[in-house]
Amino acid sequence: MSIYTAIATSAGRDRRAVTSDGKLDVKLGLQKELGGDGDGTNPEQLFAAGYAACFASAMRLVASSKGLDVSDASVTAEIGLSPNGKGGFQLDATLRVELPDTLSPEAARELVEATHQVCPYSNATRGNIPVNLVIE
């Protein structure tokens, strides 16, 4: 049973996306790379924003359980869209994690790997799309 359910409706990449509570109402635009005018955001940008925010929040949770301070950390998500060779498309993700210099490289890697096991977006994408974790 879900503890929270987000509901959004859209009629396509060149229309709008609106959440049921009205807190999100965005103009969507087909990317120039896909033949559109690029006027408006796109599903890959929305996915990148959601994944970055979710991973950063999960990282704070994991860090807290380990007694680590990552309040200055940030996550940048890059979501790629490419043909899948079967007439459709596929996604890939790179998460660029910036952590405080006070963490050793080993502690940083351990934290990011543990976060990747906790984050709901990571759990949803695991085995479905490649996710590259980069510590910067």
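1. Is Glu-78 buried, partly exposed or exposed? Glu-78 counts as partly exposed, because its relative accessibility is 35% and that class runs between the cut-offs of 20% and 50%. Keep in mind that the model is predicted.

2. Glu-78 has a charged partner. Its side chain meets that of Arg-96 in a salt bridge, 2.6 Å from N to O. Arg-96 sits in strand S5 (residues 89–98) and Glu-78 in strand S4. The two are 18 residues apart, and the pair links distant parts of the chain. Arg-96 is partly exposed, with a relative accessible area of 26%. Salt bridges with shared partners join Glu-78, Arg-96 and Glu-136 into one network.

3. The structure holds 8 salt bridges. One of them pairs Lys-27 with Asp-39, where the closest N and O atoms are 3.8 Å apart. Lys-27 is in strand S3 (residues 25–27), while Asp-39 is in the loop between S3 and H1. They stand 12 residues apart. Lys-27 is partly exposed at 40% relative accessibility. Asp-39 is partly exposed too, with a relative accessible area of 43%.

4. Glu-110 and Lys-66 also form a salt bridge, at 3.3 Å from N to O. Glu-110 belongs to helix H2 (residues 105–118). Lys-66 lies in the loop between H1 and strand S4 (74–83). This pair spans 44 residues of sequence. Glu-110 is partly exposed, with a relative accessible area of 49%. Lys-66 is partly exposed at 38%.

5. Now the aromatic side chains. There are 4 aromatic pairs. In one of them, the ring centres of Phe-47 and Tyr-51 are 5.9 Å apart and the planes meet at 70°, so the pair is edge-to-face. Both residues are in helix H1, 4 residues apart, which means about one helical turn separates them. Phe-47 is partly exposed, with a relative accessible area of 23%. Tyr-51 is buried, at 0%.

6. Phe-47 has another ring partner, Tyr-121, with centres 5.5 Å apart and planes at 50°, so this pair is tilted. Phe-47 lies in helix H1 and Tyr-121 in helix H3 (residues 120–125), so the contact ties together parts 74 residues apart in sequence. Tyr-121 is partly exposed, with a relative accessible area of 28%. Phe-47, Tyr-51, Phe-55 and Tyr-121 form one aromatic cluster.

7. Arg-60 is partly exposed at 45% relative accessibility.

Terms used: Residues are numbered from 1 along each chain as its sequence is written. This is a predicted model: local features need pLDDT of at least 70, side-chain atom pairs count only at pLDDT 80 or more; totals for chains, interfaces and linings use all residues. Side-chain values use heavy atoms; hydrogens and water are left out. Buried means under 20% relative accessible area, exposed over 50%, partly exposed in between (1.4 Å probe, protein chains only). Rings of Phe, Tyr and Trp (its six-membered ring) pair if their centres lie within 6.5 Å; planes under 30 degrees apart count as stacked, over 60 as edge-to-face and the rest as tilted. A salt bridge is a side-chain nitrogen of Lys or Arg within 4 Å of a carboxyl oxygen of Asp or Glu.
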